[in-house]
Amino acid sequence: MKKVILGDHAVSYGALLSRVQTIAAYPITPQTLIVERLSEMTANGELDAIFTKVESEHSAMASTVGSSAAGARAFTATSAQGLALMHEMLHWAAGARLPIVMANVNRAMAPGWTIWTDQNDSLSARDVGWMQVYCQNNQEVLDSIILGYKVSEQVDLPTMVILDAFVLSHTAEGVDIPDIKKVDEFLPPYKPEIKMDINDPRSFGALTSPDVYMEFRYKMQQAMDKAKKVIVEEGKKFGEMFGREYGLIEEYKTEDADTILIASATVASTARAVIDELREKGEKVGLVRIRVFRPFPTEEIIKVLEGRKKVVVIDRNISFGKTGIFFDEVKGAFYNSKGNKPPMFGYIAGLGGRDVTPKVIREIVEDALNKDKPESEIIWKGVKL
Amino acid sequence: MIEILIHGRGGQGSVKASLALASAASKAGKYVQSFPEFGVERRGAPVKAFNRISDEPIVVRSKIYNPDHVVVLDPTLLHAIDITEGLKEGGWIIINTEKSPDSFTEYTKKFKVATVNATRIAVENHLGSKAAPIVNTAILGAIIRVLKVAGKKDLEEGIKEFVPVKAEANIKAAYEAFDQVKFSKEA
């Protein structure tokens with residue numbers, strides 16, 4: 001059934017179709033609509049779940065960790081300062097190897113006080129052991145929640161499904177809402193091997209001596225490696241069942257491209273129009289969208305970029321004192337690779353919700369096309385100083 | 001692809017109109033986007049809502065700066081803001097007013113004007129109050145007639161979905177506006 005819905009409500013439908021059993025949440029703009037709709041769905045009996053209002057995001061994740069450890073399919077959603085407040089608990093969720101799925105609406109961090117989009121909130125949670133999926137439209141948002149549980153429950157790591165504030169969260173578009181029976185076929189009920197059970201007492205989160213801690217971390221990394229395969233396999237299966245396939249990266253007109261533009265989330269969506277425009281002018285440009293940021297698609301990126309003449313990365317984020325974060329990671333992926341390393345241009349654009357229009361993207365690509373190599377490691381687009 | 005900008009005032013239902021229009025166009029088989037001005041909305045202040053409608057999937061996700069057509073929910077906005085800002089030449093301006101399209105000589109050189117007395121239609125259908133009539137559904141009838149982005153039945157569904165309260169009266173208002181809208185030139 002096709003329905004015109006907001007990105008936030010695409011998340012709610014994704015959770016409904018995944019038959020989540022617990023939702024613990026605290027409201028924050030622009031996320032609130034997600035859990036508001038889920039509370040309605042729970043209240044009217046559409047969704048058989050326990051909805052818990054908590055007093056902070058830290059508690060939201062703590063509660064979610066608890067219910068997931070007890071064997072429930074657990075969901076929550078947050079944004080920006082809320083994600084920052086639950087940071088400690090993000091480590092708990094991943095370290096305890098719990099297949100929680102959470103939606104994070106990408107909102108810039110305060111101060112200055114803001115509600116508009118950029119990626120610094122989720123990227124500040126880069127190293128907590130969560131998988132991160134950046135979505136480009138509302139359909140992908142809905143599908144990625146279902147896929148998130150499917151993958152997480154196989155690798156025992158949590159998934160963060162990420163959507164841009166307002167550009168997706170408050171934008172309505174046509175979304176195909178799959179039949180729940182078909183989703184049931186794709187995503188069977190969660191049945192963990194180990195869970196908190198009063199009839200089978202175990203110790204969770206016990207003191208972990210230097211003797212064994214490192215092995216737990218090694219296993220988390222192994223799970224991330226495994227996730228790369230599982231994400232691709234399940235993305236294919238999803239495609240066979242629902243007609244929409246998802247992978248780690250997405251290529252657009254890359255085949256004969258000399259220059260590759262790399263972007264993520266909705267910037268990558270808008271960039272398609274720019275690629276078409278530049279192609280009409282005879283420029284051999286293509287686009288790679290990084291969909292999954294953790295686990296990072298190192299091999300896929302190297303494969304698609306090797307031998308190209310130029311690589312242009314647009315970051316809607318910044319690691320202060322370094323560069324854009326996607327740029328840094330793409331560059332890092334290359335260091336030990338053999339073969340030709342193309343010059344890479346790293347642009348910062350759209351922080352704090354500044355609009356990334358086709359014109360902005362076109363000027364970025366044209367700037368890189370006009371230069372042999374970047375003049376600096378970080379190029380700011382549109383700063384008015 | 002066409003891009004539409006709806007000018008209204010906070011509380012008039014511009015966003016609901018944009019959503020119902022998107023839903024109607026989607027039901028007519030189009031790809032759609034509907035979004036508000038991102039941020040905070042104040043009651044009574046000028047607000048905008050946006051639509052993209054296309055036969056192809058829509059990939060552009062920036063705001064709309066150069067709309068193909070504009071819709072004006074509140075005639076007092078005509079003197080308060082420049083409603084033609086960024087509007088493409090030859091585009092439609094659909095205005096809620098009792099005046100005829102020909103009286104808008106300041107617009108008719110560069111643009112096409114359509115007018116409909118959505119305020120009277122809303123009052124007659126008891127939508128909102130006499131002092132603050134809710135004109136957002138009436139204007140939708142005029143929009144689909146002029147821009148031909150959806151059929152009447154599609155609009156009926158769109159209104160039921162996004163304006164479920166008093167849906168019947170809202171649909172009736174939309175149909176009346178569909179019949180009563182006046183054009184300066186056919187599209």
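Which residue of chain B forms a salt bridge with A:Glu173? The views below start with that pair. The model is predicted: local features need pLDDT of at least 70, side-chain atom pairs count only at pLDDT 80 or more, and totals for chains, interfaces and linings use all residues. Residues are numbered from 1 along each chain as its sequence is written, chains are lettered from A in the order in which they are written, and side-chain values use heavy atoms, with hydrogens and water left out.

**View 1. The salt bridge between chain A and chain B.** A:Glu173 pairs with B:Arg61, and their closest N and O atoms are 3.0 Å apart. A salt bridge here is a side-chain nitrogen of Lys or Arg within 4 Å of a carboxyl oxygen of Asp or Glu. Side chains of opposite charge can pair when their charged atoms come close. The count between the two chains is one salt bridge.

**View 2. The interface of chain A and chain B.** In this interface, 25 residues of chain A are in contact with 20 residues of chain B (contact means heavy atoms within 4.5 Å). The two chains bury about 1,800 Å² between them, 60% of it on carbon and sulfur atoms; buried area is the accessible area (1.4 Å probe) that two parts lose on being put together, summed over both. Across the interface, 10 residue pairs are in polar contact, both residues at pLDDT 80 or more. A polar contact is a pair of N or O atoms within 3.5 Å; within protein, one must be able to donate a hydrogen and the other to accept it, and residues adjacent in sequence count only if both atoms are side-chain atoms.

**View 3. Helices H6(B) and H7(B).** Helix H6 (residues 152–162) and helix H7 (residues 167–180) of chain B pack at an angle of about 145 degrees, with their axes 10 Å apart. Helices (H or I, at least four residues) and strands (E, at least two) are DSSP runs, numbered from the N terminus. Axes are lines fitted to C-alpha atoms, for helices over the stretch in contact, and angles run from 0 to 180 degrees between N-to-C directions. Among the residues that make the contact are B:Leu155 and B:Ile159 of H6(B) and B:Ile171 and B:Phe178 of H7(B).

**View 4. A salt bridge within chain A.** A:Arg291 and A:Glu140 meet in a salt bridge at 2.5 Å, N to O. A:Arg291 is in the loop between strands E11 (285–290) and E12 (292–294), and A:Glu140 is in helix H7 (residues 138–155), 151 residues apart.

**View 5. Backbone features of chain A.** Most residues other than glycine have a negative phi, and most peptide bonds are trans. A cis peptide bond joins A:Pro111 and A:Gly112, with omega about -10 degrees. The bond from A:Arg294 to A:Pro295 is also cis, with omega near -5 degrees. A:Ala265, not a glycine, has a positive phi of about 50 degrees and lies in helix H10 of chain A.
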